[in-house]
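Please look over the structure shown below before reading on, since the report refers to its chains and helices by name.

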Protein chains: 2
Amino acid sequence: VKLDDVITSARNPALVAARKLARGPARARSGRFLLEGAQGLSEALAAGARPLTVFATPDTAQAHRELLAQAAEAGAELRVVTDRLLAGLAQTLAPQGLVAVVGSVVQTIDQADGPDALLPLPPSPRMVCVLVGISDPGNAGTVLRAADAFGADALATTAGSVDLESPKAVRASAGSLFHLPVIAGAAWPRLAGVLRDRGLLLIGADPHADATIDQVPLERPCALVLGNEAHGLPAQVRGDLHHLARLPQYGRAESLNLAAAAAVLLYACARRQRLVTGGQR
Amino acid sequence: VKLDDVITSARNPALVAARKLARGPARARSGRFLLEGAQGLSEALAAGARPLTVFATPDTAQAHRELLAQAAEAGAELRVVTDRLLAGLAQTLAPQGLVAVVGSVVQTIDQADGPDALLPLPPSPRMVCVLVGISDPGNAGTVLRAADAFGADALATTAGSVDLESPKAVRASAGSLFHLPVIAGAAWPRLAGVLRDRGLLLIGADPHADATIDQVPLERPCALVLGNEAHGLPAQVRGDLHHLARLPQYGRAESLNLAAAAAVLLYACARRQRLVTGGQR
């Protein structure tokens, strides 16, 4: 690992290309995204993700020599940059001294077609989380983290949802992006068809539903479908669902924050499924 | 409502004083905080909170004449300001054209002493949420919103926790700041004593606890105690708790986001209490 060749120019081509990945079109074009911090890189490597370039400040490069050697072994190019340039690349207020450019890990539903569609799902999935038109990257990342914590088989987003590989979503997902299959930008009708073909009940969350989540069969294999923060689930999607359900609310808040509601729904579903199967899956 | 006297100078004394409320010391000194948007102001008025000044852009003042008249009736001074000055006062990227200066609604535990301490609690509280040293204002506001949604009797923060009247926390709480009693900045030993005196079990959340939340008596009246995002519950607090419990986790995420974990815990507690009492409280 050669660490003495420090990039000092903001116009360095590798740095310019990396900075562009903060925006969606450049991510879509290149199939790459930005990952901040040594822990993020470490999880990415553990999950077999491909880091292409790792930018680090001199201090961080020194402190994480082993991790950088591992990244280099996995094929990453290492670039030491000044603190100021690293800060310009990182999106957080407290940059962690390291930003990696990583090959996209989300999958599109169209990569597999026919009876084998949606390959990232196990043959008999139990719980899948679906985000329809979610717009806040922090929410999306937090839902992905909750889906991971409660053992979802996969998370899918529909076309028009925020990109789970945007810097804010990656940060909020806290490594979960590398823990379970993520299907991104699916057309709803096709996604709904594939989920039904895999034996999943489609259960939508709606604060105005008649039934509470205790009154719908969450113990069966199901896809939990959540809509946009402001507008909820579109009519087209509602028409395709088997059930709509709301969380019981006992206080005065009009609704929960989307990510909090998703966490409760995922918890309730995972718990019911395990009560029925005696803790086994 | 006189709307034609538009403030155009950033040095206007009322505006200068209001801008300072984005920072904690000025809020503590003045006992006032900032509230954004017409809906926020409407909820504050409905809850009997005292708006002292309302700043609005000409367009927003026009669109919300009735609300402004209501605010004026409640004693607020109305100030029309240019779009640019309003944007400078609002903390969001998409300012909603209205910012109110409101008298503080949080209470301190020391305002009441002796057997009547913690007056904002009902005589027999069932569920109280306690935040110990929480540092992220968005998390704190989101937990307050969840506490409201699941019918907590009150939310308390200990000294050293983020201010629930900071702009980001107010925004994340989405009106819940006006829906349930909030006790702020309590000294832990005193808060713990008062909660025990009111018959509450102290149950702390800890991802490394032996027991899951299914194995502790959440159906009894309890205070749910959550620690700092990075450091969890301090040893001093742990020693005072009746139980420590973790959420069941079935996937690989190391832990849930604090606000998501709080939402699940509040939901599980509210649900258990209602199953035991047959839905009654």
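## Relation of the two chains

The model is predicted, and the values given here are computed from it. Chain B is superposed on chain A by a rotation of 180° with 0.0 Å of shift along the axis, at an RMSD of 0.0 Å, and that is the relation of a two-fold axis.

## The interface

In this interface, 32 residues of chain B are in contact with 32 residues of chain A. Because 100% of the interface residues of chain B are also interface residues in chain A, the copies meet through the same surface.

About 2,800 Å² is buried between chain B and chain A, and carbon and sulfur atoms give 61% of that area. Of the area that chain B buries against chain A, 22% is supplied by Y250(B), R252(B) and Y267(B), which is more than any other three residues supply.

## Packing of α7(B) and α11(B)

Within chain B, helix α7 (residues 137-149) packs with helix α11 (residues 258-276) at an angle of about 15°, their axes lying 9 Å apart. Because angles under 35 degrees count as roughly parallel, α7(B) is described as roughly parallel to α11(B). The crossing of these two helices, α7(B) and α11(B), is right-handed.

On the side of α7(B), the contact is made by N139(B), T142(B), V143(B), A146(B) and A147(B), while α11(B) contributes L258(B), A259(B), A262(B), A263(B) and L266(B). Sorted by class, the contact of α7(B) with α11(B) has eight nonpolar and two polar residues, and no charged residues.

Note on methods: Residues numbered from 1 in each chain as written. Chains lettered and ligands numbered in written order. Predicted model: local features only at pLDDT ≥ 70, side-chain atom pairs only at ≥ 80, totals over all residues. Heavy atoms only, no water. Axes fitted to C-alpha atoms, helices over the stretch in contact; angles between N-to-C directions. Helix = DSSP H or I, 4+ residues; strand = E, 2+ residues; numbered from the N terminus. Parallel < 35°, antiparallel > 145°, perpendicular 65-115°, else oblique. Left-handed = near helix turned anticlockwise from the far one by under 90°. Contact = heavy atoms within 4.5 Å. Nonpolar A, V, L, I, M, F, W, Y, C, P; charged D, E, K, R; others polar. Least-squares fit on C-alpha atoms with pLDDT ≥ 70 in both. Buried area = accessible area lost by both parts, 1.4 Å probe.
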